[in-house]
Amino acid sequence: SSNYMIVDKNDKAEEVLKKIYKPNCNPDVMLPLIYMQQDKINEARKLMQQNLNTSIGEAITSCMGLAISYYSYKDDMDENSIDYSKASMYYQLAIDIDKLVYDGNQMGSFLNSNLAHINLKKGDIKASLMYLNRLVDSLEYLGTDIPRQLNKIAYFDNLDDIKKEEPVNVDVLQILIDSLNTTFINLKGNKEFEDIISRIVNLRKLVNKDNK
């Protein structure tokens, strides 16, 4: 389905996606209750934490989807279809959920750049820069621990430490720098914006040094 979307065959993407079997009852919801009856407390906690993480992830994704439905980066989006207030509301809700549960560890703070873009589109440069600064504040709070292991978060302490034999090295901060420089090109030359980019550059140096 994703591949069909990439090549703009959305009808085909919908067709294959609907072929995926969806049971009326999720066994992972019932199974922890059975584990509890069997006194398998640790197994029950682990599965329930997995369910919790999945549900929260779906909630955040739904918020993002709703926000995009009211405002997207597409230049050809009909102005009459844009609702800045609704888009901002859903992006902020996604950020708040992420901060409440993951303390920003899942990098929901990156959505501040979406709020910054909305305000830039509205012509509110001050608010746009405010959200960009919030983004960098969150990243600096995380420091070199980007992204943090899920089981380091109190709500998910029963989950296993995920270790990959061949980790995929993605320079997240460099991608962010490139994205901001492209998306917020109208802020080029603005001292506060240049300071924001410099802060991310310095953090990237620190992260790369720590990972060596």
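These legends accompany several close-up views of a predicted model.

View 1. The protein has nine helices and zero strands, following the pattern α-α-α-α-α-α-α-α-α along the sequence. Of its 212 residues, 32% are buried. Among contacts with a separation of 6 or more, 59% join residues 24 or more positions apart.

**View 2. Helices α4 and α5 packed against each other.** Here you can follow α4 (residues 41–70) and α5 (residues 84–102), whose axes lie 7 Å apart at an angle of about 160°. That angle is over 145°, so the pair counts as roughly antiparallel. The crossing of α4 past α5 is left-handed. On the α4 side, the contact includes Asn 53, Ile 56, Gly 57 and Ile 60; on the α5 side, Tyr 90, Tyr 91, Val 101 and Tyr 102 are among the partners. Sorted by class, this contact holds 16 nonpolar, two polar and two charged residues.

**View 3. The largest nonpolar core, with 41 residues.** The members that touch the most others are Tyr 102, Leu 132, Phe 156, Leu 180, Phe 184 and Ile 200. Two or more residues come from each of α4, α5, α6 (112–122), α7 (125–142), α8 (172–183) and α9 (191–211). The biggest contributor is α5, which gives seven residues.

**View 4. A closer look at Phe 156 and its contacts.** Setting aside neighbours within four places in sequence, Phe 156 contacts Gln 49, Leu 52, Asn 53, Ile 56, Val 101, Tyr 102, Leu 150 and Asn 151.

Terms used. Residues are numbered from 1 along each chain as its sequence is written. This is a predicted model: local features need pLDDT of at least 70, side-chain atom pairs count only at pLDDT 80 or more; totals for chains, interfaces and linings use all residues. Side-chain values use heavy atoms; hydrogens and water are left out. Axes are lines fitted to C-alpha atoms, for helices over the stretch in contact, and angles run from 0 to 180 degrees between N-to-C directions. Helices (H or I, at least four residues) and strands (E, at least two) are DSSP runs, numbered from the N terminus. Angles under 35 degrees count as roughly parallel, over 145 as roughly antiparallel, 65 to 115 as roughly perpendicular and the rest as oblique. A crossing is left-handed if the near helix is turned anticlockwise from the far one by less than a right angle, and right-handed if clockwise. Contact means heavy atoms within 4.5 Å. Ala, Val, Leu, Ile, Met, Phe, Trp, Tyr, Cys and Pro count as nonpolar, Asp, Glu, Lys and Arg as charged, and the others, Gly among them, as polar. A nonpolar core is a set of buried Ala, Val, Leu, Ile, Met, Phe, Trp, Tyr and Cys residues joined through side-chain atoms within 4.5 Å. Buried means under 20% relative accessible area, exposed over 50%, partly exposed in between (1.4 Å probe, protein chains only).
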